[in-house]
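The following exercises are to be worked with the sequence and the model at hand. Each task is followed by a solution in steps.

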Amino acid sequence: MKIVLINPPHTAIGSRIPDDHLPPLGLLSVGGPLIDDGHIVSLIDAEFGPMTIAGIVCEVLASDPDLVLIGHSGSTSAHPTARAIAEAIKCRDHKISIVYGGVFPTYHWREVLAETEAFDILVRGEGEETMRRLADCLATNRPLATIPGIAFRDGHGEILATQPAQAIADLDAYRVGWDLIDHRRYSYWGSKRAVVMQFSRGCPHLCNYCGQRGFWTRWRHRSPELFAREIARLYREEGVELINLADENPTSSRKAWLAFLEAMIAENVPVQIVGSTRADDIVRDADILHLYRRAGVVRWLLGMENTDEATLALIKKGGAKTTDREAIRLLRQHDILSMATWVVGFEEERLRDLWRGFRQLLSYDPDQIQALYVTPHRWTPFFRIARDRQVIETDIRKWDYKHQVLKMRHLNPIVLVACVKLIEVAVQARPKALLRILFHRDPEQRHSMRWYTQMGRRVWFHEIVEFFFRRRHLKNGPTLENFWGAPQDAEEESMLRPQRHVKSLDAAE
């Protein structure tokens, strides 16, 4: 079959402002196995430009595909664009089958298939094996009901879902389709040739607001040695300089992570690695952090979320403020940058809470911060807690963690955004932070911090302009449940749990 993969242009501020673009790992992960099965596969990455919907449709029709697959990593906020692309393609050629995958369609499959007939089939959960089976099924005209992990309309127009697919036990069994991209087009970290990769999938922790935890079902990891070998090959053959880990928590198993660090050091390639992890894992690994740096790790995003103990208990974050502070200290000691995420918009927050959060961030002393807004997803347990809160933003393109979407009891949107923007400036522009940007002892890290500061400044001004001139918050919006529907936390695990992989180095070991 001729298959076209489409990465829709994303409307999020962070996608439009930077000059750098990263490849769409999810689509490439599906594309590799399809190529290996003998299908003719191509990729349209509409983030470049960004492409117009008319331009995307023209490129699709020029390829004359049998099947189009649409997916995006920011699947909730990208959904309106994905739907518009699918409808435009169907308008021009209704014979083309369109498949839609990602976290949002995995859980909202009923609503997506009901709202438009442009999508023929939705993939629920991981896509590698499901898409292989689906492509073979369509090529041989077998019944769709035989394929686990999909949703579709039957011959009578009734919306159906098959049984959940099995989560992949051996992540090394499916290769990423790097041959679908020109690596020279993709960069990050200030024009460094870059890719997104996954060492692991899932997270063993129980944060109840996380939209990814249940999607991946269980924490699993790749072979440390094979993963390091793939990174080294990308450097030697494609000139890749930077790896952005898409893992929720790659360091969950100290044993597996240490094996990866040692394998990367043995490969001896000057690749830089950035990603996100938990502060308690950093403190746990205090004795091997020198290996992190030797293996190429240059920055960790630490999901600290909030500084209020009651809020941390509400979202079941775990961890402690002392651990957060110690993790940042340890990273700095080893010349690894720290980025602290800080989430605002909880219902009962007041000015005094923001002030306390600001003072706590100063005491943490991170190299970078990222302010995010509470964005509850329907399939998470936190959605049930917040179900009666009022929605002030009904444009789901804004449900990207960078916009306030829920009403607060004590603060109106203009007060919240003003406080957040001032806190960002105060933390990033304090003398101590500026001195690090100008005089950090590691020239690579000076480059990294200057790049982030330049990009952050552009995003900051764009957010201010957008807030005052392009947004209209609802004063009496619907409740969260009325807007999205009933809670789905009973369906949070999107796939059947895999059998324990015998070669896995689990966190329990």
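A residue is called buried when its relative accessible area is under 20%, and exposed when that value is over 50%. The model is predicted.

**Exercise 1. Classify the ring pair formed by Phe199 and Trp257, and state where each partner lies.**

Step 1. The structure holds 23 aromatic pairs. In the pair of Phe199 and Trp257, the ring centres are 5.9 Å apart and the planes meet at 65 degrees.

Step 2. Rings pair if their centres lie within 6.5 Å, and planes over 60 degrees apart count as edge-to-face. The pair of Phe199 and Trp257 is therefore edge-to-face.

Step 3. Phe199 is in the loop between strand E9 (192–197) and strand E10 (200–201), while Trp257 is in helix H10 (residues 254–267). The two are 58 residues apart, and the pair links distant parts of the chain.

Step 4. Phe199 and Trp257 are both buried. They also belong to a cluster linked by ring pairs, together with Phe227, Phe260, Tyr292 and Trp300.

**Exercise 2. Determine which parts of the chain are tied together by Trp399 and Trp484.**

Step 1. These two residues form an edge-to-face aromatic pair, with 5.5 Å from centre to centre and 85 degrees between the planes.

Step 2. Trp399 is found in the loop between helix H16 (381–386) and helix H17 (413–428), and Trp484 in helix H20 (residues 480–484), so the pair joins parts that are 85 residues apart in sequence.

Step 3. Trp399 and Trp484 are both buried.

**Exercise 3. Decide whether Phe469 is buried or exposed, and describe its surroundings on the surface.**

Step 1. Phe469 has 64% relative accessibility and therefore counts as exposed.

Step 2. A nonpolar surface patch is formed by Phe469 with Ile414, Val465 and Phe468; their accessible area together is about 400 Å².

Step 3. Phe469 lies in helix H19. Helix H19 (residues 443–469) gives the most to this patch, with 3 residues.

Conventions:
Residues numbered from 1 in each chain as written. Predicted model: local features only at pLDDT ≥ 70, side-chain atom pairs only at ≥ 80, totals over all residues. Heavy atoms only, no water. Patch = residues over 30% accessible without salt bridge, like charges linked within 9 Å, V, L, I, M, F, W, Y side chains within 5 Å. Areas by Shrake-Rupley, 256 points an atom, 1.4 Å probe, with all protein chains shown as cover. Salt bridge = Lys/Arg side-chain N within 4 Å of Asp/Glu carboxyl O. Helix = DSSP H or I, 4+ residues; strand = E, 2+ residues; numbered from the N terminus. Buried < 20%, exposed > 50% of the residue type's maximum accessible area, 1.4 Å probe, protein only. Phe/Tyr/Trp six-rings, centres within 6.5 Å; stacked < 30°, edge-to-face > 60°.
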